Each structure stands twice: as structure tokens, then as C-alpha cells.
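Welcome, and thanks for taking a look at this one. Here is a short briefing to read alongside the sequence and the coordinates.

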Amino acid sequence: MLRFIVRRLLQLIPTLGGLSILLFVWLQRLPGGPEYALLPDDATPEQREMLRRSLGLDEPLMVQYLAFLRRIAQGDLGTSLQTSRPVLDEFLLRFPATFELGLTAILIAVVIGLPLGYLAARRRGTILDFAAVGGSLLGICTPVFFLAFILKVVFAEGMGLFPSAFRLAPGITRTDITGFVVLDGVMTREWDVVWDALAHLALPGLALASIPLAVITRMTRASVLEVMQEDYVRTANAKGLNRTTVRTRHVLRNALLPVVTAVGLLTGSLFAGAVLTESVFAFPGIGSFVYIATQERDYPVLTGFILLIATMYVFINLLVDISYSLLDPRVRAQ
Amino acid sequence: MPTTPSSQSPSETEEKEPLHKRKAAKVDRLAELMGDRSDDGHGAGIWREAFGRMRRSPMAITGAIIVVVFVLVALLSPLIAPYSPTAQTWGSEVFPNRNEFVGPRAENWLGLDHLGRDLFSRMVIGARQTLMVGVVATFVGFLFGALLGGVAGACTVLGGRWGRQIDNVIMRVIDMMLALPSLLLAVTVAALVGPSLTTVMLAVGIAQIPIFARLLRGAMISQGNREYVLAAQAMGVRNHKITLTHILPNSMGPVLVQSTLTLATAIIDAAALSYLGLGNPDANFPEWGTMLSEAQRFLSSAPALAVYPALGIIITALGFTLLGESLREALDPKLRK
Amino acid sequence: MFTKSSRKPLGLLAVAAALTLVATACAESDRDSGDGDQPFVFGAAGDITSLDPFLTNDGETYRYSRQVFETLLDHESGGSEIVGGLAETWDQSEDGTVWTFNLRDNVTFHDGDEFNAEVVCANFDRWNNLTGAYQSSNLSYYWQSIFGGFAEPDEDFSTGESRYVSCDAEDELTAVIEISEYSSIFPGGFSLAAFGIMSPTTLETMEGQEVTGDEGNLSLPDFAQNAGSLAGTGPFTVEEWNQDQAEVTLNRHEDYWGEAAGFETMILRGIPDETARRQALEAGDIHGYDLVAPADVAPLEDAGFQVPTRDVFNVLYMAYQQESHDALGEMEVREALSHAVDRQRIVDTILPEGGEVATQFHPDTLDGWSEDVRTFDYDPDKARDMLADAGYEDGFDVEFCYPTEVTRPYMPAPKDIFDVITEDLQEVGVNVEATPYEWSVYSGQVDSGNCPMYLLGWTGDYNDAYNFIGTWFSTHNDAWGMDEDELFDKMTEVSTNPDEEARVAGYQELNEMVMDALPGLPISSSPPSIAFAPEVEPPNVSPLTQENFGEASWK
């Protein structure tokens, strides 16, 4: 088991290393270059040249890359050109917001998607099945930012049910312990803060949930359908076992395995979706920050974001693999 | 003996044709005897069966109709569009600064956009641009993905130790790309090259490479383990011949299905790129994604401007997805019953 | 307006999520605040970049810093006249190099320190003596453009020579600043928000704090990042800069020398998207915002919001870079293109109400505007004929740049304006190659002469014609690629003339010369709007976009 984990960890090194090269080369070659982001409209060419030099942009690429790697290894993702603060700090500052949003989206997706997918599979061919499949296809085919806009225009602007922007109402005072607003609110029993934060999470959470919801519904449905055809389920049914037992013990449990993987793998796309969703709702998380970075060519932030996602994705994959090998002895044997 | 399919030149194969033809015939016969394939040589039986099943599926029919209508509109758009999509003929009739827009009327069936252009003509010509973005992006992804995946697959199946090394290297690269969400990959490419139509197509296409590559490699490995391959090897058929004429064609099924699905993804991703300001800036070529992101700011005063292109994107993507999904289902042996 | 009860009927979802997260009973909130001391929240287009305005050149940062730090000179409330700020009155010597400031009495800093001439000089001396990375042009941009450079120029940063000579505290309330040469950027330069005066204790704290990080990684010093060490004299104190919410919290300064601020607390919140700002105002999440889209003005007013419009103090123009394109180098072609563009339609359909077609690179609200400049009517037929005369019967191709994802006070919806112009140019046979750039890259591309044609504009920093035409046409530069030595010499002559009347006449002549040379086509001057909730008594709006929120209050 330990050898399995160590081997998988070692395999990460070339992947991440290659990724860093790819990123470095891409982002270094941005047209215009980062020096324009730092200077006002009427800065002189001399000022620009000076800045290029002070940023080390005139060094040979190899030297720049090695410096880049050394910094990453130290957890230094550079300094944001927009805010002049360390990128890692910027991300850590905004991480709780994005984490809460992502968790909300995953919760919505799981709470609705699992039962929906299961029911659709059990009642294959019924209206419910048709609606679940059609709905999830529609969810995949709707551009996330458009869905977010519609939700905002209808539920925030039109009906006034939810706030249209931010993470908390302005001026609300709260005790900051962990940076996670909801968690802090619960810990300090500031229920109005909790309530307000949840209200602010609802619409962006729903928009962000659209794709995971569709994926989870479809995965669950397909997986349950497959498991129901397995011999052991038929055997269990033939033995006359209690139907509820068969469903929970055999069908649901085995069908959930691939769904769990899917949830793990959704993390990356969730972050990409956060860039679109958060910017629509002015939700102050990593997504809005990266959205502005895209507009402003804040290349240390873009590099950092991609590294962050890739690293998270790779490690979540690793966790999924490990948990799989724990759950399923066949994987370990290979 | 480590060989890769790419190292073979066509003339070389032709010179040795007689011998190969004989051996190929033997392999075909073998596969046929094992009941894995029908007698016409390239697995058309499975496809015919699949199409038969699809004809009875409402999902497939809906998808097919949408796709056919969309492609027809796109191809015939210059004939259908009543006006130039870029002429601001009615420019002095709309006032975006006062929220005064012109809705549907006799001469402009869908009304005017925010600069006084005919919205119907823009939608129709936009279909053509959207199709082009989707097709080219998918082709880019397909081409490079199939190349990488094909080489990797061939190396694993037939290559021995060296082959596995090559496969290993290729798959590390693919895993690297796969570690990033396709949209983010596309954004990076687009931010690198600067916004243009080519950028959008390239960016979205490149983002699809790893999926195609993995898919083809997987399919080839599974084909490589089939009995007919072992048997062919036992009969002395050259490895590259087996790969090129049997494993590869038989592995294309899932890749083709994926192309249909990728078209949908490409259209949606292109729209997201436009929203992020990385879309095609050239007003001469209206594209639904650009139209949608430009009309976003009028959503509360003139929702139609955004809703038409949004519906176009959703319906088209849905069409390709329905078609692709039912094709996949029809081809999947597990779901055949 | 934000009321908590309106938020209660939430979706099932929030309830479900709340239930999962909150298994325990509810405790009542004790933080219901009355209207009187409710914080005023203003939606800005972005977060601030530094607490110390000296270390930035960002407009959103100045909006914050103008509430906290005051400058020697200021602009009249709601206007563009230069008036006293921390200095009640001021004098300039005959040759314009010695400036005497008679300071306001009884001014105290937020930290209790006394304001006097020594403090003023300490601030200026400190700026002039900054070393190391502080001399990086993105950390001291305005000092370098107004005062030229530093006492000890660092070799790593090629700053110019310092124009600042000395500052003497002649007595408690008289500060005398000497500069080496006169220019009409003075006295306007003394009103720039970057030069906000800080308390002696603050200066002490700053002492020894350096810009950290290695060269590629400049990090602002602690005092510019964490509230608490900076004290100014303005109507508000800085309470907190919450970078994670992109908001700055300001509190009323009770001992303010003028009338105390109307709000006890003011929060500036960065919301980059203009639609999001409007929706936040409508939803009651914020009580005001800036850079209102023209189309939003009427609906907001109909809904009961206040949308005061600022006076016009800007110019939007389309430039012809003469060196990068053969055809644009020909006067007849530039004239033809100037006749081809329907500027009235841009003003009528895209710009806010009150906008006007501009006849010169200079708003008519500023002294120096001339009635006698050459003008260009919209006449596509004439344009076609002129192009044919110039030898371009079949037109030509030209690259045209515009900025994306940005609105500027002088330019709402750049892409729309660009699309209209493109259509007009194509109408006369000129084939436009669209080249969009993100805003941050855009200015660089334009300044280095990479764009043969482009859209740009300017909002005045202070009330002097040089701030407009001098910025563009005082010397040869790559943004215009224009060589008019006569014009440049005249510009130098006029701008260094300390006699105001002669200067204004000179600027009028200069405006005529510019339009004769036709380096570009001025498109419009338009009034930007700012929006406030109904319950707010807004401040006087400033044509320079320099509102003093100390004037605002709850109704």
C-alpha cells in the first residue's frame, strides 16, 4: 500500500514539472508584456524599459525559468501586478470565499443529483427519467455565465429574493476567526451573519452547481443502471432478499463509487466555473480575482491560478486512486 | 520489435502489398470467425446496427434534426439572410444610451441590435461562424489528439519496452493537459495569442486534445488485447500492418462519437471565451458567443438581444450532445439490450 | 435599501444548507443599526491599490485618499477652479519658481498631531529624498511627472533631474517651496491627490520602512497595506482595508477643521462590473456608485435614484498615427477620414445626454478653448472624393485599435463607438482591421506607436489647458508620430509663461494650430454621471471626478 502511494507521488513530479515549463513559456510570451499593466497611460518608453529591467524580463529565459521554479518551490507565486501583494496571500485571502461557494455548489449538486439520478434509473423510460436526462443535458449545454446572468436578473433584480452581489451585506459586522464566514458565524452564534452569507451564496452557488448537478445526475443514473444488471444484484433479488436491502446495500453502494470519482474530478472545472460565476455576482473569491487578472494580464496571478488548480486536481486524483485501492482490492493488485 | 505507425511510408507498404494483402485477408477471416466483426472488413456491421437502433430513439432523432437544420442554415446563410449582418442601416433608430431599441417588425423579423443592424441576418450568418468555430476547433482537437493518442496506443500495444517508454512520455504530457479544465486551458491559450477568430478556434481545439488522445489510446489498447490481434501476430502479420489496418480503424468509433460531443463543448467554450473578452473582435463576422456577451449589458432593457444568441447556442449544443450521446449509447455493447 | 426582513423568504436551498450547517438553536442578533449611524457604502470600479496615495497612480485609490489626506491646494467644490486646501492662500513669485503657501490654522491630524509649515516641508523633503525601489516609476509616478525626479537618483531607475529645490518653513504657518523652473503644471500640481500631507508621527513610522521583495516582486511597505499608521487631516480616518472584500472602511474625523463629515462610517467597495454596480445599488447593497452607463441613467432616475451629472471636463478622440501608415501621413487623407465619421450619431446614440461633438482637443469648459478652429462636417461623399483626389480611389487598409472590458468617464462602451466608426470608414472605402487590447496593454501599444488609428481620451487632473493639449502635443512622441516643431516650440513658450492672460490667448492659438495639423479627430466631450440612493444627500459632483464625500450625508 505504502509503495503504491509512494509510486503515485513520484509520478506527480514529472507531471507538475512539465506543467510548470508549459505555464512559464506560455505566460512569458504574452503580447504586450506585463510592464504595461504597471504603468499609467502616459508613461514614457524609458519608464517602461526601466520597469522591464527591474522585473527581470531582460534576462535569458532559462535564468528566468530557474528563478520561477525556485520561487514556486518556496511557495512564492510572485507578486500580483495589480495589487503589489504576493499572489499566494491573495489566493489564501480569497480561498475561504471560493471554498464556501464551491462547497455550496457541490452540496446542491449532490443533494439534488444523487436522488434524481437514482430515481431516473429506477424508473427508466418514464417522464421523470426523461426530464432528468433532458434537464441535465440542458444544464451542460447552457453557458454558465448566461445562466448566472439570468438567475441574477430574475431572482435578484426582478423578484428581489436574493442579494445580487458580494459575500456579505456591506456594513454587517462579524467576528473573524477562520475567514470562513458561515463557519465563523456558527461558531460565534452570529446567526444573522450566517443567514446573510447563505443568502449571498444561494444564486452563485446555484449557477455554479449547474454542471456538477448535470454530471452527477447522469453519472448516478448510468452507474445505477449498470449495477442493476450485475449478476450479484440479480442473485440477491432471486434469493428473495428484502428489496430495500438490495437497493441500499448492493445497488446504491456500488453505484456510488464512480460518482465519488466524478465529484473529485469536478474540482478543476468548478474553479473554472467560479471565474465565470463569481465575476457575474461580484463574489469576492479567487474566481473574480482571476477574472480581473485575465482582463489585466496579471500574469503571476494567472500562472499561480493554473498551478493551484493543476496541483489540486493532481492530488485529488491521487486521493481518489488511493481510496479506490482501499475500497476495491482489484485495483491494488494491478 | 518496436515500430510506430508513423515511421511507415505508404510506398513501402505498397511495394509489399501482395504478401500483406494475403495476411490481411487471413486476419479479417479470423476476426470474422470469432464473431467479433462482420464480413465487410471494417466493422460496418456494428455501425449499421447502431444506426438501426438510433432510428428508433427519439433522443437521436431530435438531435439529428437540430443538427441538420443548424448545418443547413449555416451553409445556406448567405441565401437566407435578407440583409448584410454588419450594415448599420438603421443605426439612427436605436438609442442604446436611452434604452430605446427596435423590436420585431415587418422588415426586421427579429428587430434590430444595439447598433441598428438586422438581428435576424446576424443570427443566420452567426450560425455559420458558430459552426465554423465548432468544426475547426473539433478538428484541431481531433487531429492532434488522435495523433498523440494513436502513437501512444500503437506503442503500448505493439512496442515492447521502448514502446511503453514512449507511451509513458506522451501520456505524462496528456495528463498534464488533462489536469487543467478545458476552459482554463483555452483561456490561457487565448490570453497568450490575443483575441481573434483563429485564437478562439485554436484555444478551444487545443483544450480538447487530451480527451481525444486518451480516448483513442484506450480504445486501441483494448482492441490490442483482442484475440484476433494475438492470432494475427501468431500468423506472422507485421505489427504495423495490424495496427494501421485493424486496430486503428476499429478504435475510431468512440473517437468519432466524441467529435460530436466536442462540437457542443467547443460552441459553449467559445461563448465563455467571448464573455471573458477573448473572443473574435471582428464585427464583420458575427458569432453567437460574441453577440451574447455584447448583449449581456442590455439584458434588463432589451433581453431579446441576448436571448436569441443564447438560445441558438443552447439548442445547437443540445442537438450535438443528443446526437453524440445516443450514438454512444447505441454503440455501447453494455447498453445494447 | 437593505432590510433584513426582505431577505427572509429564501429558497428551500438556503434553508436546507442552513439546517445542515446549523443544528443548534438560533440566537438573536443584537446588531440592528438605526439609519442614523448606518455605514454609507459606495461602489467603486475597483479596489484601492495602496493606502498611501503617493505610491500609486490609480484613480480608485485617489477617490479613497481624497477623503483622508488633504493637499496644499484643492479645487472648488463642484468645480474646476483651484482654491486653497491646507493652504488658505498662496503666492507665486514673478518668475513662477517660488511658491509661498499661507497655511490653515487649527488643523489637527487624525492622530492628534498639529499641522504646520514644518510638517508640510517634512513631507515634501521626504518625497524628494526617497531612495531605492521607491523611485520605481510605478511607485512614484506623479512625483516624477510633476517634480521630475529625486534628490539622489538611483542608478537602477532612470529618473530625471529633480525640479524640486527646497521647502522652508518661514514661520509656523508659512511654507515656501522653490522649484528650479516654472511650468503651467503649477499650481495645479500641488492639488494632485498623490501629494496628500501626512502627520509627523506617520512620517516617523514610515522612516526605515522600505519597499520589500526582490526586484521582480515589489511589495508595498507595511504602512501602505495595513490601516493604523497613516494619519492625514481629511474629513475621514482610515479604519480598515479589507482586501478580501475589496473594501476600505473610513470613519468620521471628529476634529476636522471644516464641517464634520455627514456619515459616521463610509465604505468604499470595489465592483469591477458596471452592471453589477447598478444591480447592487438597486438591491440596496450599496448607496452609490460611479461610472454609470448612459443607458442606466434614466431607469435609475425613474426608480427614484439620484443620478447627478458632472460638468464636462474631458475629450474623446480618434488618433491618426502619421508615421505608422503612409496614407495617414497625408493631410488630405486625414481630412477625408475626418469628414467620414458621423460623430453626431455617436453623441446621440451612445454617449450620455449632454454630450457634444468636440471641435478640438480641449473641452469648452476650460480656458483656452477657441471658436475659430477648423471644423469637419459629416459628409461621406466629400470624404470619398477627397480620398480619390489623394490617389486612394479604392480605399486602403488600416489597423484600428480599441480597448476592451473598460469604460472611461469620457468613453462609455468603447466597442460600440469603434463599431460605428468602422462602419463609417468602410462606407468610404477604408478597410478597417480591428485590433482590440485589454486596457492595461492598450495604452502601451498606443504610446509605442503600434496603432495607426485608435480611440483614447482624457479627463483633466486640474484646471489648465496644458493638462490637455500639453500632454499630447508638446514634443514629438510615438503616440501621434507628428512632427510640428512650430507647434511644439509655441507650446513650450506658452506653458512657461507665468502671465495667465497671455497664456490663455496662447492656448487658443495652439488649439487652432493643432486642428490645422489634424493629428486626430476630436469626437466628443461628454458628462459622466454618478448615482446615489434616494436617502443620500450627495456631495457636489466634480468635473474632475474628485468628489468630497465629507459633504454628503443621510437625508
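Let's begin with one glycine: Gly268(A) is buried, because 23 other C-beta atoms lie within 10 Å, and 20 or more is the cut-off for a buried residue. Please keep in mind that this is a predicted model.

**Around Gly268(A)**
- Gly268(A) sits in helix H11 of chain A, which covers residues 243–280.
- Its contacts, leaving out residues up to four places away in sequence, are Ile309(A) and Tyr313(A) together with Leu180(B) and Pro181(B).
- Tyr313(A) is 45 residues from Gly268(A) in sequence, yet their C-alpha atoms are 6.0 Å apart in space.

**The largest nonpolar core**
- The largest nonpolar core contains 342 residues, and Ala148(A), Ala186(B), Ile267(B), Leu273(B) and Tyr454(C) have the most contacts inside it.
- Helix H9 of chain A (residues 191–228) gives the most to this core, with 22 residues.
- Ala186(B) touches Leu273(B), and also Ala203(B), Val204(B), Ala207(B) and Asp269(B), not counting residues up to four places away in sequence.

**Domains of chain C**
- The domain assignment of chain C gives domain 1 as 72–195, domain 2 as 239–310 + 529–554, and domain 3 as 314–525.
- Between the C-alpha centres of domain 1 and domain 3 of chain C, the distance is 33 Å.
- Where these two domains of chain C meet, 12 residues of domain 1 are in contact with 11 residues of domain 3.
- On the domain 1 side of that contact, four residues are nonpolar, six are polar and two are charged.

Note on methods: Residues are numbered from 1 along each chain as its sequence is written. Chains are lettered from A and ligands numbered from 1 in the order in which they are written. This is a predicted model: local features need pLDDT of at least 70, side-chain atom pairs count only at pLDDT 80 or more; totals for chains, interfaces and linings use all residues. Helices (H or I, at least four residues) and strands (E, at least two) are DSSP runs, numbered from the N terminus. A residue is buried if 20 or more other C-beta atoms lie within 10 Å of its own, exposed if 12 or fewer, and partly exposed in between; C-beta atoms are placed from the backbone. Two residues are in contact if their C-beta atoms, placed from the backbone, lie within 7 Å. Domain bounds come from an automatic or database domain assignment. Ala, Val, Leu, Ile, Met, Phe, Trp, Tyr, Cys and Pro count as nonpolar, Asp, Glu, Lys and Arg as charged, and the others, Gly among them, as polar. A nonpolar core is a set of buried Ala, Val, Leu, Ile, Met, Phe, Trp, Tyr and Cys residues joined through C-beta atoms within 7 Å.
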